[in-house]
Amino acid sequence: MNWEAIGAAGEVLGALGVKLSLLYLSIQVKSNTKQLRFTASQEIAASLDRGYDPIYSEPIAKIWQKGHADLKSISDAELTIFDGLMARQIHNVANMLDARESALIPKARADKMYNQFFTKLFSSLGTKQWILENPDMGEMIDEYVKAIDN
């Protein structure tokens with residue numbers, strides 16, 4: 001038996017093992033990435049749903065509608081409620097943008113799915129007034145505000 005031949009065969013088998021391990025790892029990483037993207041999409045959708053939960057009651061829905069129509073038409077107490085509701089929506093936007101920029105949600109999909117929703121939300125007179133009065137919050141959605149104004 002030739003020890004050099006055995007050594008060479010061992011090296012070939014070792015190299016093959018490394019290649020198979022790398023192939024397996026690449027499949028696992030790809031699968032994990034898909035799962036992360038799916039989870040991110042589900043979490044954003046759930047966050048959007050939770051963001052609107054308080055609005056489904058009659059008095060809050062009226063404040064929401066009045067605030068969007070004209071922020072100046074609501075009382076100080078109603079403004080406090082509207083502020084909270086808008087903060088929830090800004091948080092949703094920030095989460096979606098983070099997921100989009102992290103490539104957890106493909107940019108094209110995020111733009112298609114959420115742009116229409118957020119454009120409608122942030123294009124009302126009351127919302128534009130609210131953003132002007134809350135510039136720190138407005139910075140988070142600057143990308144959407146610019147798209148709306150164009």
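Reply: The account below starts with the chain as a whole, turns to the core, and ends with individual residues.

This is a predicted model, in which local features need pLDDT of at least 70 and side-chain atom pairs count only at pLDDT 80 or more, whereas totals for chains, interfaces and linings use all residues. Residues are numbered from 1 along each chain as its sequence is written, and side-chain values use heavy atoms, with hydrogens and water left out.

The protein chain contains 7 helices and 0 strands; helices (H or I, at least four residues) and strands (E, at least two) are DSSP runs, numbered from the N terminus. Read from the N terminus, the order of elements is α-α-α-α-α-α-α. With a radius of gyration of 25 Å, well over the 15 Å that the globule rule gives for 150 residues, the protein chain is more spread out than a compact globule. That radius is taken over C-alpha atoms, and the globule rule is 2.2 Å times the number of residues to the power 0.38. Along the principal axes, the C-alpha atoms fill a box of roughly 95 × 35 × 25 Å.

Of the 150 residues in the protein chain, 31% are buried. Here buried means under 20% relative accessible area, exposed means over 50%, and partly exposed lies in between (1.4 Å probe, protein chains only). The protein chain exposes about 9,800 Å², and carbon and sulfur atoms supply 60% of this area; accessible areas come from the Shrake-Rupley method with a 1.4 Å probe, and for residues only the protein chains shown count as cover. Among contacts between residues at least 6 apart in sequence, 68% join residues at least 24 apart, where contact means heavy atoms within 4.5 Å.

The core itself comes next. A nonpolar core is a set of buried Ala, Val, Leu, Ile, Met, Phe, Trp, Tyr and Cys residues joined through side-chain atoms within 4.5 Å. The largest one has 27 residues, of which Trp64, Phe82, Tyr114, Phe118 and Phe122 touch the most other members. At least two residues of this core come from each of α1 (3-52), α2 (58-69), α3 (76-101), α4 (107-122) and α5 (125-133). Helix α3 gives the largest share, 8 residues.

Gln89 also lies in helix α3. Gln89 is buried, its relative accessible area being 0%. Apart from residues up to four places away in sequence, Gln89 touches Leu48, Gly51, Tyr52, Trp64, Phe117, Phe118 and Leu121. Two of these residues, Trp64 and Phe118, are among the core members that touch the most others.

Asp70 is located in the loop between α2 and α3. Asp70 counts as partly exposed, at 27% relative accessibility. Beyond its neighbours within four places in sequence, Asp70 is in contact with Leu125, Gly126 and Gln129. Asp70 and Ser124 are 54 residues apart in sequence, and their C-alpha atoms are 8.2 Å apart in space.

Leu132 belongs to helix α5. Leu132 is exposed, with a relative accessible area of 71%. Between the C-alpha atoms of Leu132 and Lys72, which are 60 residues apart along the chain, the separation is 13 Å.

Helix α1 holds two further residues of interest. Leu25 lies in this helix, and Leu25 is partly exposed at a relative accessible area of 48%. From C-alpha to C-alpha, Trp3 and Gly67 are 84 Å apart in space and 64 residues apart in sequence.
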